Amino acid sequence: MIPVVAAVSIFGVSYGVLATAAGMPAWLTVVMSATVFAGSSQFAAVSILASGGSPAAAVLSGALLNSRYLATGTAVARVLPGGRVKRFLLAQLVVDESYVLAVNAGTPEAPDAKTLITSGAALWTGWLAGSAIGALLGPVLGDPDKLGLDAAFPALFVALLWPMLDRRPAIRAALAGLAAAAVLLPFTSPGVALAGAAVAGLAVMRK
Amino acid sequence: MTAAVAALAVITIAIKGAGSLLERIPDEVARRLAGLAPALLAALVYVELADNDNGLPHADAKAAGVGAAVVLAAVKAPFAICVIGGAVVAAGLRAAGVS
């Protein structure tokens with residue numbers, strides 16, 4: 001868990017740097033990390049705003065990127081403790097990384113709730129702290145690309161994905177998601193391509 | 001910009017929370033949900049590597065960094081080494097003049 005939290009904290013720094021470089025006030029950069037807490041959608045929304053896209057397009061892309069969390073939330077719903085309010089709040093700790101850690105600690109059908117909550121809270125703290133540091137460092141640090149921070153993000157996804165590919169259905173789902181993204185992305189936004197990949201991943205999971 | 005962030009925050013909190021409020025789901029659904037993480041992670045890698053303009057991947061320093069991460073993951077290198085290795089390769093190539 002610690003390497004994942006460290007990696008996400010570093011991405012928080014790169015997010016803070018990129019968001020402030022794109023003209024977002026430092027306070028809003030940090031508030032966004034605290035409330036949205038979904039790195040890929042934050043990067044997507046910031047990049048759309050930075051390239052002159054409409055706020056509506058930024059919100060839509062971010063929301064579609066996060067639509068997968070409806071299914072992910074359902075996947076963890078039956079292992080989360082407590083009543084509706086408590087589960088609603090605990091579900092905010094679901095991000096790709098905490099979900100994957102919980103699945104690895106349990107099973108895809110029954111992710112480990114303790115891992116989800118512990119890692120989710122640690123990831124939220126790291127993401128928030130990293131974002132704040134990045135927002136302050138932004139003007140000082142210079143070009144994040146020069147440091148390879150942009151490559152660290154997909155490298156993280158590779159490192160998370162690889163250990164899952166030990167079962168045939170998971171390999172099939174990964175290939176389906178990859179294919180859906182490759183087909184959709186030239187014609188749609190990243191948010192739509194990722195939603196398509198989510199649907200493809202669901203569709204290929206047969207008995 | 002503030003309104004966009006607020007809207008995205010409210011929507012995201014609602015999405016995450018709504019998923020958690022659904023009661024027990026059938027095994028069939030649970031099995032299908034197991035496909036979400038690998039599908040999305042693979043797609044996220046693709047989206048990260050694709051060009052913003054035409055949606056097609058291209059060979060550059062970032063792609064080389066991801067290639068390094070794949071090799072490191074395949075030889076079972078520790079998680080942090082995969083991530084840092086990817087960033088270092090991309091940064092090194094850029095320092096050497098590769099875009």
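Let's start where the two chains meet: 88 residues of chain A are in contact with 62 residues of chain B, where "in contact" says that two C-beta atoms, placed from the backbone, lie within 7 Å. On the side of chain A that touches chain B, the largest share, 13 residues, comes from helix H9 (residues 149–161) of chain A. Sorted by class, that side has 66 nonpolar, 13 polar and nine charged residues. Here Ala, Val, Leu, Ile, Met, Phe, Trp, Tyr, Cys and Pro count as nonpolar, Asp, Glu, Lys and Arg as charged, and the others, Gly among them, as polar.

Keep in mind that this is a predicted model, in which local features need pLDDT of at least 70 and side-chain atom pairs count only at pLDDT 80 or more, while totals for chains, interfaces and linings use all residues. Residues are numbered from 1 along each chain as its sequence is written, and chains are lettered from A and ligands numbered from 1 in the order in which they are written.

Of the 207 residues in chain A, 61% are buried, with 20 or more other C-beta atoms within 10 Å of their own, C-beta atoms being placed from the backbone.

Over in chain B, look at helix H1 (residues 2–21), which has 20 residues. Its buried residues include B:Ala4, B:Leu8 and B:Ile15.

Definitions and conventions
Buried ≥ 20, exposed ≤ 12 C-beta atoms within 10 Å, placed from the backbone. Helix = DSSP H or I, 4+ residues; strand = E, 2+ residues; numbered from the N terminus. Expected span 1.5 Å × (residues − 1).
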